[in-house]
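Trainee: I would like to go through this model term by term. For each label, please give me the value and the cut-off behind it.

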Number of protein chains: 2
Amino acid sequence: MSPSEKHAPSPVELLVTKRDGKRHRPGDITRLVESFMSKELADYQMSAWLMAAFHHPLTSAETQELTLAMLHSGTVLEHKGLKLPAVDKHSTGGVGDKISIALAPLVAATGVPVPMISGRGLGHTGGTLDKLEAIPGFSVVQSEPQFCAQVRKLGVAMIGQTERLAPADRRIYALRDVTGTVESIPLIVASILSKKLAEGIDALVLDVKVGRGAFMKTLSDARRLARALETTARGAGKRVTSLITRMDAPLGLTIGNALETREAIEILHGKGPSDVRQLTLRLAREMLLLAGASSTVAAADKQVLRALSDGRALELFAKMVRAQGGDVRVVTDPKRLPRVKSPLVVNATCSGTVADIDAMVLGRASVALGAGRWRAEDKVDPRAGIELAVQIGDRVEKGDPLAWLHASKRVLCDPLVETVRGGFVIGSGKVKRQSLVVGS
Amino acid sequence: MSPSEKHAPSPVELLVTKRDGKRHRPGDITRLVESFMSKELADYQMSAWLMAAFHHPLTSAETQELTLAMLHSGTVLEHKGLKLPAVDKHSTGGVGDKISIALAPLVAATGVPVPMISGRGLGHTGGTLDKLEAIPGFSVVQSEPQFCAQVRKLGVAMIGQTERLAPADRRIYALRDVTGTVESIPLIVASILSKKLAEGIDALVLDVKVGRGAFMKTLSDARRLARALETTARGAGKRVTSLITRMDAPLGLTIGNALETREAIEILHGKGPSDVRQLTLRLAREMLLLAGASSTVAAADKQVLRALSDGRALELFAKMVRAQGGDVRVVTDPKRLPRVKSPLVVNATCSGTVADIDAMVLGRASVALGAGRWRAEDKVDPRAGIELAVQIGDRVEKGDPLAWLHASKRVLCDPLVETVRGGFVIGSGKVKRQSLVVGS
């Protein structure tokens, strides 16, 4: 027996191992998480370990072990009696990313179950839960048995993380948030996947955003994150596909909770901006292929388009809204979503072609209008946000509207007019819109 | 106004600055410590900052600011009415290092005030407070006014850190101890000096130990620590001298609290092992020179030797023991110190010359006998420890005693006989003892 096999390392020994850039032995990270959850390991010790892990990024094997330890800190759902594998989609977050709202019922309408557990907006990025809650009465809170029952019955449910799912992630994320240890790819991977795997899914499609409005600013960073997510998800026995998609400009024509939900409903009506529609269809295709519901791209696209055009996706969305306590009339009459009476217009000060729209500028302005939160405890205003009049490549004349600012009070809008106008670049000549999907 | 001047950085911004290896702006570390003390900055944030500072060592200016911020977290003593500058000595810790006990009264007997605040033993290294407490009744607890009054009256007092002196160091050290962030030179410097400067001293002599029984294992590390301590102490306006001294073998012939106090009293009687005597005299010389009590080495040595040989040092020690509630009879009759009835002898298994004695092996064995603590909350047995029969260079015959083990129970000694014997290297031929002072 070598000295290192003699005993389980003490908390300080675990910290020193990672501090010195050494690999943990198998089992050590599991013990670290278990002792953190039993309060044997203190918050100040976990935060020191997180800072050490920031400086010496976890290996694949360590990331895998951390993910599973966080997953098994709580309940792991099991969906019984489903005919096809359960699939979910996860986006790493962006501005105007309302894709999940139409995507989940669309995929479920083809017969592929979608048990979706989402998050809230933080900083300049929005969150699916806040968007769904813009529907009057809609509840994102369900017990695990309620959630499983709805997935079994409708094929789709969209809720928030419960207390019992991956509680270690919740406690560890709260520490990372206040200790400057968020921006570590292995820690991000473990956080995302421990929550997603707790849903009881068989497969996962990842939408890794890249660009100035995304967490990952460069393609190489986005690829690193995508690869790390794939490796860890596969290591946990899940099928996985990832797309890397552009997040330089906002997605679609809306930013803000009720505004984005309205746009998602338009997609389910077969309308809406083409970029939102295209990304929704593309992600749906990947989900069907991953679930084995279709064996070719063409077959998957056909199934998805049929579920959209024959109204099954919209109908399923309506059923989900009703099942989760929401006012189902918004589905046919989106004007019933909470809204601001007189949005403030932002006009173009020159004529030309929209060459660029800065997602970060508009995302931050949207938070300032009340649509998002800088801190987890902030309240959001469902009506607040920004509606765009144009997208990249559109022609504008001087005086034309570029956008409208929606807020509870005019006083919130006034200081943002110039900011938002500054987010638009108007150029001369033609501008071609670039493809959203930049890699996989 | 540049963006970085707009506001005081938030706690997370401070953490991210150090995490990314950037320098803090002047004032930032002061705010960090202040907000930690006011509980605005949580323990888990401070521990993450400490781990970041471990990876990106503080600059001289940052170390200076941290030291002063920790110093000013509490009371800074001022000694009034002293004729000469107040001087203290600090050792970075070793095995058998009982120097302070004879040194403080010896220097004070020459007229140089010594307000000494010491620590307890931890791990294989001993602590002056534990050694002094081996004297029945001796109290190391005093209020700041009591301490100052005794320094004014006797010229010397030896106590433990009070609640009010450098409380930030106490809280930060407690975190470092359990988060694997002890071994950082700038953090060590700030911890040592914030406590020492709180004593109200004008000058400080540093005994930086190097070798296998010391915290610093190599001469270059010891030099780095010595230079950092000097730079920071000078920056705080203090006179400072440092010696780098060997800590491969135990100092003197005793390890353990009552045993070491007995040896220190022998030094004050003009006896005791030559290495202990020589290091005591050398450090006393440096303290007198630093205080300006003597202007030459020869004058300083003369003053010190006179105070030792005419009994003034011993007399002052007796006064201090009495003033601090201790049984003064131990000064003339050291057998009154608590002791074990039948120590267990460790014999030499071959004849030859003692070529080496491993301070770390004997230091750890001494803790196992009950003389020290592995954790701060452990109790020490004043009687426990190891008495050496020989030092490096001594001739031994097979069967001669090498050492005696002192413990409350025989059962504690038995498993350590072979360990302690293994700490001695018996060779053939002559071995010359090396000089203790290896640098300055």
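Trainee: Where does A291(A) lie?

Mentor: A291(A) lies in helix α12 (residues 274-291) of chain A. Helices are DSSP runs of H or I with at least four residues, strands are runs of E with at least two, and both are numbered from the N terminus. This is a predicted model, in which local features need pLDDT of at least 70 and side-chain atom pairs count only at pLDDT 80 or more, while totals for chains, interfaces and linings use all residues. Residues are numbered from 1 along each chain as its sequence is written, chains are lettered from A and ligands numbered from 1 in the order in which they are written, and side-chain values use heavy atoms, with hydrogens and water left out.

Trainee: Why does A291(A) count as buried?

Mentor: Buried means under 20% relative accessible area, exposed over 50%, and partly exposed in between (1.4 Å probe, protein chains only). A291(A) has 4% relative accessibility, so it counts as buried.

Trainee: Which residues are in contact with A291(A), leaving aside its neighbours within four places in sequence?

Mentor: They are L84(A), P85(A), V87(A), V112(A) and R239(A). Contact means heavy atoms within 4.5 Å. V112(A) is 179 residues from A291(A) in sequence, but their C-alpha atoms are 6.9 Å apart.

Trainee: What makes strand β2 (residues 114-118) of chain A mostly covered?

Mentor: In β2(A), 5 of 5 residues are buried. V114(A), M116(A) and S118(A) point one way, P115(A) and I117(A) the other, and all are buried.

Trainee: How do you know that β2(A) is joined to strand β3 (residues 156-160) of chain A?

Mentor: Two strands pair if DSSP finds at least two bridges between them. Here 5 bridges join β2(A) to β3(A), and the two run parallel. P115(A) stands opposite A157(A) of β3(A).

Trainee: What makes β6 and β7 of chain B edge strands?

Mentor: Chain B has an open sheet of 4 strands in the order β6-β9-β11-β7, with antiparallel pairing. Both β6 (254-255) and β7 (344-347) pair on one side only. For β7(B), 4 bridges link it in the antiparallel sense to strand β11 (residues 401-406) of chain B, with N347(B) opposite P401(B).

Trainee: What is the crossing of α2(A) and α4(A) called, left-handed or right-handed?

Mentor: A crossing is left-handed if the near helix is turned anticlockwise from the far one by less than a right angle, and right-handed if clockwise. The crossing of α2(A) and α4(A) is right-handed. The axes of α2 (residues 28-37) and α4 (residues 60-71) of chain A come within 8 Å and cross at roughly 35°. Axes are lines fitted to C-alpha atoms, for helices over the stretch in contact, and angles run from 0 to 180 degrees between N-to-C directions.

Trainee: And for α2(A) with α3(A), left-handed or right-handed?

Mentor: That crossing is left-handed. Helix α3 (residues 43-55) of chain A packs on α2(A) at about 145°, with the axes 10 Å apart.
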